Amino acid sequence: MKKLLFLLIAAFLSTSAFAQAGKMGKNVEQKIKRLSSALNTAGHPLTSTQKTDLTASFTNTMEKMKEARALASTDRSAIDRVKRKSDAEVKAILTPEQYLTFQNMKSNARDSGQTPKAGGAGSLGSKNDKVDSDKDQIPGWDEKQDHTDRRDKTEETSRELSDEEVQSMEERKRRAQERREERQRQADLEKANKAASDSVGQDDTLEKKQKSDKMEKAKSNNKDWAKENKKMSKRDSKIRSQAAVETVSNALANANMPLSDTQLKQVKTVSMQEQKKIRNLTEKSGEGSADYLKGLKKIKKGSVKKMKSFLSKEQYKFLKKAKL
């Protein structure tokens, strides 16, 4: 009889655990789907690797969040720690453009007074959703309804907040301000990169026209043509080098990691050396050939290695992630 009772209990626990795991997996799948839809609309789709990494991150966060809530009565910062860790994981998985869209979705959700899901403002949960379902959404977003409930309760009891509660409120305000500043920095960075790209494009168009005009005049004499061609090639390399230095410098400045005067000189030197090697490679192998592509890859790799030697760890990591 005891053995039968034990088997029944074991079967019940196994079934419950399986059902819970199934529900969690379904929730994560829905979040990934909504986030993917929002990023597709923004023009920054997720890769299959990113989806896999996000699925693992969201699943782990849900499990950690349940454990943190169980400890909330004795450890009030447990939930915040889980949220901060999750947000850091998501930021590491996404590109800067994708993360900016992700942050904007959170901001829109807070402004509308709803608890956000991964699909952004267009697929937020309604106010009639279950509390547990709301709390299981992507961490890092403010639980606005919970804050309102606590504020109402304080007003009803007319009690004076403790020093610990005041400190907690100030900490939440500080984190909210940091998130707003981070979103603004990301927006400014994208704007600066676009402006730099447009400027380089306009300069290239003008230079190409000038080059074409001079080449036409020089073709009558092969020596003059060769001399002019070499001169224009050097000038093109200089322009590309200057544009690359400007892009890197602006990106780091907008990210509050500006280059020092010494670092700026080193970046210019590396960029000029790179363009000179590319020019020589083009003359030797011809642009677009197999040898050219192989040599170009080697040159780029050498430049990255040199940049890493004099940039700070944070500057190098930022440029590598931004693919600059």
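Q: Which angles count as roughly parallel, and which as roughly antiparallel?
A: Under 35 degrees is roughly parallel, over 145 roughly antiparallel, 65 to 115 roughly perpendicular, and the rest oblique. Angles run from 0 to 180 degrees between N-to-C directions, with axes fitted to C-alpha atoms, for helices over the stretch in contact. Helices here are DSSP runs (H or I, at least four residues), numbered from the N terminus.

Q: What kind of model is this, and how are residues numbered?
A: The model is predicted; local features need pLDDT of at least 70, side-chain atom pairs count only at pLDDT 80 or more, and totals for chains, interfaces and linings use all residues. Residues are numbered from 1 along each chain as its sequence is written, and side-chain values use heavy atoms, leaving out hydrogens and water.

Q: OK, how do α2 and α3 pack?
A: Helix α2 (residues 48-70) and helix α3 (residues 78-93) pack at about 175°, with axes 9 Å apart. The two helices are therefore roughly antiparallel.

Q: Switching to α11: which residues are buried?
A: Gln-315, Tyr-316, Phe-318 and Leu-319 of α11 (residues 313-322) are buried, that is, under 20% relative accessible area, with exposed over 50% and partly exposed in between (1.4 Å probe, protein chains only).

Q: And what does the face turned away carry?
A: The exposed residues Lys-313, Glu-314, Lys-317 and Lys-320.

Q: What does Lys-321 touch?
A: Lys-91, Ala-92, Leu-94 and Pro-96, not counting residues up to four places away in sequence; contact means heavy atoms within 4.5 Å. A polar atom of the Lys-321 side chain lies 2.6 Å from the backbone oxygen of Lys-91.

Conventions: A polar contact is a pair of N or O atoms within 3.5 Å; within protein, one must be able to donate a hydrogen and the other to accept it, and residues adjacent in sequence count only if both atoms are side-chain atoms.
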